[in-house]
Amino acid sequence: ICGVNEDTVFHAASTFKVPVNLYLFQQIAEGKINPHKKLIYKEKHYEGGTGILQYKKYGSRYTIQELAKYSIVYSDNVATNMLLELLGKKNVKKMMSDLGGHIVDYSKNTTCPRDMAIYLEALLQFNEEHPDEGELLIKYLKNTVFNDRIPPLLPEGTEVAHKIGNWPAQGSYHDVGIVYHPSHPYIISLFSKDAPNSDYAYQVLQQISRLVY
């Protein structure tokens with residue numbers, strides 16, 4: 001384990017969607033939630049930013065499994081809001097604490113690099129115990145449409161299961177994930193703040209990702 005400023009508090013932005021989905025898939029694995037049940041998109045779920053559901057009509061219905069996919073693959077904020085209403089944000093935060101998260105604030109969306117690595121490690125453990133559900137969540141993380149930070153400078157064909165986060169107001173651009181190195185797979189948790197712009201942040205994160213590899 002190696003860390004630099006790993007306990008620094010950051011705005012989690014969309015990296016929070018990792019623990020949200022880990023909790024969801026735990027509930028599915030335990031038979032407490034039916035992934036094929038449909039939820040209704042209501043006006044209160046609306047949020048701009050990333051995602052595709054913001055352009056859909058209120059009253060549209062989506063299965064819980066579809067919403068999970070959208071929240072990871074497209075970092076969909078509407079899908080995440082719909083899931084959080086179902087799951088309860090407090091329940092997600094409690095799981096984060098139970099897993100050993102240090103920075104868990106029930107009113108703010110904050111985290112630290114070490115905590116996000118802990119949640120990814122918990123996902124790998126979950127995948128060993130529940131391969132059906134675990135593999136599906138990892139597949140979503142591998143197929144995200146946002147591949148501008150951890151993956152670009154890695155050898156071609158390197159699989160990365162990861163989740164980005166953006167919070168431009170604080171100059172924060174993050175990426176956390178599992179890199180499937182051929183001999184030494186590893187978890188990497190990259191956070192930034194006060195970056196002058198996104199392009200600069202991406203370049204630095206790409207270089208760090210390459211160095212770690």
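Colleague: Okay, helices (H or I, at least four residues) and strands (E, at least two) are DSSP runs, numbered from the N terminus. What sort of model is this?

Modeller: It's a predicted model, where local features need pLDDT of at least 70 and side-chain atom pairs count only at pLDDT 80 or more, while totals for chains, interfaces and linings use all residues. Residues are numbered from 1 along each chain as its sequence is written, and side-chain values use heavy atoms, with hydrogens and water left out.

Colleague: Let's start inside. Which residues touch the most other members of the largest nonpolar core?

Modeller: Leu24, Leu67, Val92 and Leu123, out of 46 residues in that core. A nonpolar core here is a set of buried Ala, Val, Leu, Ile, Met, Phe, Trp, Tyr and Cys residues joined through side-chain atoms within 4.5 Å. Buried means under 20% relative accessible area, exposed over 50%, and partly exposed in between, with a 1.4 Å probe and protein chains only.

Colleague: Which elements supply at least two residues each?

Modeller: Helices H1 (17-29), H2 (64-73), H3 (77-87), H4 (89-98), H5 (113-129) and H6 (131-142), plus strand S6 (172-179). Apart from that core there's another one, with 8 residues, including Ile150, Leu154, Tyr186 and Ile188.

Colleague: Back to Val92. What is it in contact with?

Modeller: Skipping neighbours within four places in sequence, Val92 meets Phe16, Pro19, Val20, Tyr23, Leu84 and Leu87. Contact means heavy atoms within 4.5 Å.

Colleague: And H2, why call it largely enclosed?

Modeller: Because 7 of its 10 residues are buried. Those in H2 are Ile64, Leu67, Ala68, Tyr70, Ser71, Ile72 and Val73. They pack against H1, strand S2 (38-40), strand S3 (61-63), H3, H6 and strand S5 (160-167). Just after H2, Ser75 takes a positive phi of about 50 degrees.

Colleague: Where's Gln27, and is it buried or exposed?

Modeller: Gln27 is in helix H1, and it's buried at 12% relative accessible area. Not counting residues up to four places away in sequence, Gln27 touches Lys32 and Ile33.

Colleague: What about the phi of Asn5 and Asp194?

Modeller: Most residues other than glycine have a negative phi. Asn5 has a positive one of about 55 degrees, and Asp194 has a positive one of about 60 degrees. Asn5 sits in the segment before strand S1 (10-11) and is exposed at 54%. Asp194 is in the loop between strand S7 (186-190) and helix H7 (198-212), exposed at 65%.
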